[in-house]
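Please find below a short note on the model under review. The points follow the structure shown here.

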Amino acid sequence: MKKNNPNRRSFIKKLAIGSAVIATAPTILTAKNKSISKLKVPQKVNLNEKVSVNDNIQIALIGAGGMGTADAKTSLKIPGVKLVAACDLYDGRIEAAKENFGKDIFTTKNYLEILDRKDIDAVIIGTPDHWHKKISVDAMNRGKHAYCEKPMVHAIEEGYDVINAQNKNNVIYEVGSQGLSSVGNEKAKELLEDGAIGELNYAEGFWARNSPGGAWQYTIPDDASKDTVDWKRFLKDYDYIPFDPLRFFRWRNYLDYGTGMAGDLFVHLFSSLHFITSSVGPQKIAAMGGLRFWEDGREVPDVLLGMFDYPETKQHPGFDLSLRCNFVDGTSGTTYLRLVGSEGSMDVMWDKVVLRTNEKNEPQDAFLQEKASERNSQISSRKKMLPPRELIYQVEEGYKGAHYYHHENFINAIRNRGKVVEDSVFGLRAAAPALACNISYRDNKFINWDPQKMKLK
Ligand SMILES: NC(=O)c1ccc[n+]([C@@H]2O[C@H](COP(=O)([O-])OP(=O)(O)OC[C@H]3O[C@@H](n4cnc5c(N)ncnc54)[C@H](O)[C@@H]3O)[C@@H](O)[C@H]2O)c1
């Protein structure tokens, strides 16, 4: 069976060579047991001859709020991408889209008018979660490529429709967990496969915030009303209720539209973890939490813990995962994903990986060394109390960021008819354990999930 450390020796050898190089490089010298290595900025220009850079890929934005706007701006940095239309349900966001992307772009509150346009190749879907599946499926069925924000779906069972639509139509579909297009994630994957931390047995991830914005208490615009917002369309299939600006602008707090901390944040950690470990997901899921502070009418907890059991597969040994999210964290601002193995650990960030390994001590005593070699056997040496050896892989200057490379991955796949790093199958396998946390929390029980077949058991 291929575990994640098939070639531990080769890693040690490479490390030795790397350290030698590092020792001569100007950026490296730090305290004893600590060295810093620069991660190369990706050079991924692989455009197909069939489509020149001058052939624009025309995109439209559906959901022109915070992330959708950031997505569109990032996509426009890629040569040959042009934004021609935008859709949103609130007048203020439509006006902002015109300011951001040009007063001549086509705008509407009905996304189907975007999908019916012949001049649009691809859409970016930046709506709240409850609209992801419907717009994704409608877009693909009309032949549009789609980049959909995470989590791919609002409920696990919606995932099958998205996968079917992707399979049925000759289009590219990418989910927007940009972290897995980061050099940090790529380096971590390489290190794990090289056996840098030995055999993986545990992983943990943490998301800490301590501000109203961080806890989703977004500003409500002064002109928010049923005249400026298409409230009926926002509600989708849910029963009509009178216009509520809190539900519209702070949709993450309500289960009809959002997916809580797990769907919003755990999903990023699942995406990165699954990319790094080549995992398809956990088989057992449990979540616990509570509403400790932000009692503003929200239906979701502001402290959430999740526990996940990953079975042994061909790609990795069995391991456990613990995820935490705290919106009342006095230390604040802490986010990390850590992988722990039998010989070390890695803290994985999007622009950096910190690898820690314990120093191995060979027998110091000449007599014991002699005896060991005589018997041709290993003598387990007595360990000293040394700090762990620390290797920091830090991205070079000029890195455009994970978000850029994720969008570039999508655009290149459209041009080359190539593959994306996060298609609908990957997207569901990242979203499902996160969404299962909400079921576990609600029903107070373990959730069993078949990650291969992508079915709740
Ligand atoms: N990848 C990331 O790092 C990241 C970060 C933040 C948000 N997100 C995701 O992006 C999505 C949007 O989040 P946000 O923070 O930008 O929210 P937001 O409230 O700022 O924006 C959502 C916009 O969608 C519009 N909208 C709602 N329903 C619509 C519909 N049917 N058609 C067209 N427009 C519609 C709303 O009017 C609003 O302007 C969410 O799924 C969220 O999880 C991802």
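**Note on packing and the ligand shell**

1. Leaving aside neighbours within four places in sequence, Val123 is in contact with Ile59, Ala60, Ile62, Ile114, Ala139, Lys144 and Ala146; contact requires C-beta atoms, placed from the backbone, within 7 Å. This is a predicted model, in which local features need pLDDT of at least 70, side-chain atom pairs count only at pLDDT 80 or more, and totals for chains, interfaces and linings use all residues. Residues are numbered from 1 along each chain as its sequence is written.

2. Val123 also belongs, with Ala60, Ile62 and Phe266, to the residues with the most contacts inside the largest nonpolar core, which has 94 residues. Such a core is a set of buried Ala, Val, Leu, Ile, Met, Phe, Trp, Tyr and Cys residues joined through C-beta atoms within 7 Å; buried means that 20 or more other C-beta atoms, placed from the backbone, lie within 10 Å of the residue's own. This core lies between domain 1 (8-42 + 183-218 + 230-399 + 423-456) and domain 2 (57-179), because both give residues to it. The domain bounds come from an automatic or database assignment.

3. A second, separate core of 9 residues includes Leu89, Trp231, Phe248 and Tyr257.

4. The ligand is surrounded by 25 residues, the closest being Gly63, Gly65, Gly66, Met67 and Glu149; a residue counts as near if its C-beta atom, placed from the backbone, lies within 6 Å. Domains 1 and 2 each contribute at least three residues to this shell.

5. Helix H2 (66-75; a DSSP run of H or I, at least four residues) supplies the largest share of the shell, 3 residues. Buried residues of H2 include Gly68, Asp71 and Ala72.

Conventions:
Helices (H or I, at least four residues) and strands (E, at least two) are DSSP runs, numbered from the N terminus. A residue is buried if 20 or more other C-beta atoms lie within 10 Å of its own, exposed if 12 or fewer, and partly exposed in between; C-beta atoms are placed from the backbone. Two residues are in contact if their C-beta atoms, placed from the backbone, lie within 7 Å.
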